[in-house]
Amino acid sequence: MPFIAPGVYSIEEDFSDYASALSTSIAAFVGWTPKGRTDEPIFVSSQERAIKELGKPVKTSLALYSALAFLEKGSQLWFKRVVGPSATKSSVVITDGAATPTNVLNVSAVGEGSYYNNVSVQIRNENTSEFSVFVFENSELVENYPYRNLNPDSPDYVGNIKSSLVKFTVLNNSKQPKDGIYQLTGGSDDLGNLTYTQIINGLDAFASAESIDINILAAPGWSHPAVINEGLSICENRGDCIYIAEVPFGLNPQDAVAWHNGNGGSFQAFNSSYGALYYNWLL
């Protein structure tokens, strides 16, 4: 049968641009990271912010890798940094430089850990009552606080500085700190003694639904039954979030099922609608 009009054959290709799906969930992770305060949870909204607050990823911090992975799609993450029970903060005492020196300022890290041994502070006197403060991280200038003083009633009081790395405590406000660059020392993480006890204490920071709003709770890398049970208990009591857990590394599928069921009576089987247990580990 002849065509009475030319045939038109069309191929449709979709070149539309779609915005990437973003997670609206609010996560809360607990674990060790190279840096960060330990007295309260830290809120981060991007990978860049997480690295600034918690440090660059290292093999010993699975929790930090997990946080960065979550922040590929999410933008609301609370992180509770934990350290060993005997971890210490690095610090340095600055004197007035007199022949018989008087301690004027104590500069201490905002959190425990050896990372802060890479932090130094420079004091530069501007006049008889004011001085500027410069904070260095790995020899790079990262913070600058000009014209500070030792008067607690002044808005420029050095003790009011909100640094992400150090805290200033005035020891004597009748003297002036000596010019110089001062290295913080003495910080340690005590990682060798970090146990599930510290992780449980970290999870407890999210026990109150009135204090912090979250949808997901996890302690990446920690599969101790006591940790998982504490996480499940917190989520059940809150009633508004789920605990994400994983089996110990290296189990085959049969072992993973047995472990979930209590490992032959070694511990109570995990059974909660407020939790999810994942297998397998990926490299």
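Val 107 has Phe 168 as its bridge partner in strand S9. That pair is a handy way into this predicted model.

- Three strands form an open sheet in the order S4-S5-S9, and their pairing is antiparallel.
- Strands S4 (91–95) and S9 each have a single partner strand and stand at the edges, so one side of each has no neighbour in the sheet.
- From one strand to the next, the twist averages 20 degrees.
- Five bridges join S5 (residues 103–109) to S9 in the antiparallel sense.

**Leu 171**
- Leu 171 sits in the loop that runs between strand S9 (166–170) and strand S10 (180–183).
- With a relative accessibility of 42%, Leu 171 counts as partly exposed.
- Beyond its neighbours within four places in sequence, Leu 171 is in contact with Val 93, Asn 103, Val 104, Leu 105 and Asn 106.

**Lys 80**
- Lys 80 belongs to strand S3 (residues 77–81).
- A polar atom of the Lys 80 side chain does lie 2.9 Å from the backbone oxygen of Thr 38.
- Leaving out residues up to four places away in sequence, Lys 80 touches several residues, among them Phe 29, Val 30, Glu 40, Pro 41 and Phe 206.

Terms used
Residues numbered from 1 in each chain as written. Predicted model: local features only at pLDDT ≥ 70, side-chain atom pairs only at ≥ 80, totals over all residues. Heavy atoms only, no water. Helix = DSSP H or I, 4+ residues; strand = E, 2+ residues; numbered from the N terminus. Buried < 20%, exposed > 50% of the residue type's maximum accessible area, 1.4 Å probe, protein only. Contact = heavy atoms within 4.5 Å. Pairing = 2+ DSSP bridges. Axes fitted to C-alpha atoms, helices over the stretch in contact; angles between N-to-C directions. Polar contact = N/O pair within 3.5 Å; in protein donor to acceptor, adjacent residues only side chain to side chain.
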